[in-house]
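Hi,

Here is the structure I promised to pass on. Have a look at it first, and then read on for what I found in it.

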Amino acid sequence: MTAVTGTPFALREVRWQDLAELADHESELFGSEAWSVQSWWGELAGRPRREYLLAEDAEGIAGYAGLDHGGDVSDVMTIATLPRTRRTGLGRRLLDELVTRSRAAGAERLLLEVREDNAAARGLYAARGFTLVQTRRGYYPGGVDALVLALDLTTKDAA
Ligand SMILES: CC(C)(COP(=O)(O)OP(=O)(O)OC[C@H]1O[C@@H](n2cnc3c(N)ncnc32)[C@H](O)[C@@H]1OP(=O)(O)O)[C@@H](O)C(=O)NCCC(=O)NCCS
């Protein structure tokens, strides 16, 4: 297991046995956009193009994140930390790991989509240097905009 530097969390790949527990956390974390166990199975079946990481501590799952590697562009598929761990730096560590793994896969750009009303996630991405490339008006249920953000992985500032 690889220790996540600077935090009491350990990072490892998501396994099939984790999926039921991950799906249990989803509705708390993503509400109506939660992934079901079936969705998670489909995601893991998509490896190695898909890559999913899980952070654990003494209490169990603390957070998770995943990527789609599509050649010169990787996409953040998901990133979440459990409420009990928030503002401890875990989200940043997971995002940094996604950046590192995207670069290792040969990507030059990392893309993601975030709800316009998700202040915590937008704060995390802005702090990491993501910039707005597109707004999808009314993309989410209820008419909330989706912001498409990108990080240039070719600059030496990207982890
Ligand atoms: C977004 C999320 C992953 C952030 O996780 P976290 O573990 O709390 O993040 P960190 O502690 O690493 O915070 C890193 C930085 O992000 C920003 N940030 C985090 N939470 C924030 C908030 N509520 N408001 C504003 N900025 C915030 C800050 O810049 C923070 O740095 P700081 O604590 O030094 O000020 C977490 O809130 C989450 O899981 N939300 C629910 C799922 C979700 O919305 N995922 C993203 C979908 S696009």
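A molecule sits in one if more than half of its atoms lie within 2 Å of its grid points. Also keep in mind that this is a predicted model.

With that in hand: the space that the ligand takes up is the largest pocket. Which elements give two or more residues to the shell around the ligand? They are α1 (19-30), β5 (73-81), α3 (90-104), β6 (109-115) and α4 (119-128). Of these, α4 gives the most, with seven residues.

In total, 22 residues surround the ligand, and the closest are Ile-79, Thr-81, Gly-89, Arg-92 and Asn-118. Sorted by class, the shell has 12 nonpolar, six polar and four charged residues.

From Arg-86 it is a polar side-chain atom that lies 3.3 Å from an oxygen atom of the ligand. As for cover, the ligand has 930 Å² of accessible area on its own, and the protein covers 76% of that.

Read from the N terminus, the order is β-β-α-α-β-β-β-α-β-α-β-β. The C-alpha trace spans about 40 × 40 × 30 Å along its principal axes. Why call the radius of gyration in agreement with a compact globule? Because a compact globule of 159 residues would have a value near 15 Å, and the chain has 15 Å.

Two backbone details are worth a look while you have the model open. One is a cis peptide bond between Arg-47 and Pro-48, with omega at about 10°; Pro-48 is in the loop between α2 (37-45) and β3 (50-57). The other is Arg-87, which is not a glycine but has a positive phi of about 60°. You will find Arg-87 in the loop between β5 and α3.

Cheers

Terms used:
Residues are numbered from 1 along each chain as its sequence is written. This is a predicted model: local features need pLDDT of at least 70, side-chain atom pairs count only at pLDDT 80 or more; totals for chains, interfaces and linings use all residues. Side-chain values use heavy atoms; hydrogens and water are left out. A residue is near a molecule or strand if one of its heavy atoms lies within 4 Å of it. A polar contact is a pair of N or O atoms within 3.5 Å; within protein, one must be able to donate a hydrogen and the other to accept it, and residues adjacent in sequence count only if both atoms are side-chain atoms. Accessible areas come from the Shrake-Rupley method with a 1.4 Å probe; for residues, only the protein chains shown count as cover. On a 1 Å grid over the protein atoms alone, a cavity is a set of points where a 1.4 Å probe fits but cannot get out, and a pocket is an open set with protein on both sides within 12 Å along at least five of seven lines; lining residues have an atom within 4 Å of a point. Helices (H or I, at least four residues) and strands (E, at least two) are DSSP runs, numbered from the N terminus. Ala, Val, Leu, Ile, Met, Phe, Trp, Tyr, Cys and Pro count as nonpolar, Asp, Glu, Lys and Arg as charged, and the others, Gly among them, as polar. The radius of gyration is taken over C-alpha atoms; the globule rule is 2.2 Å times the number of residues to the power 0.38.
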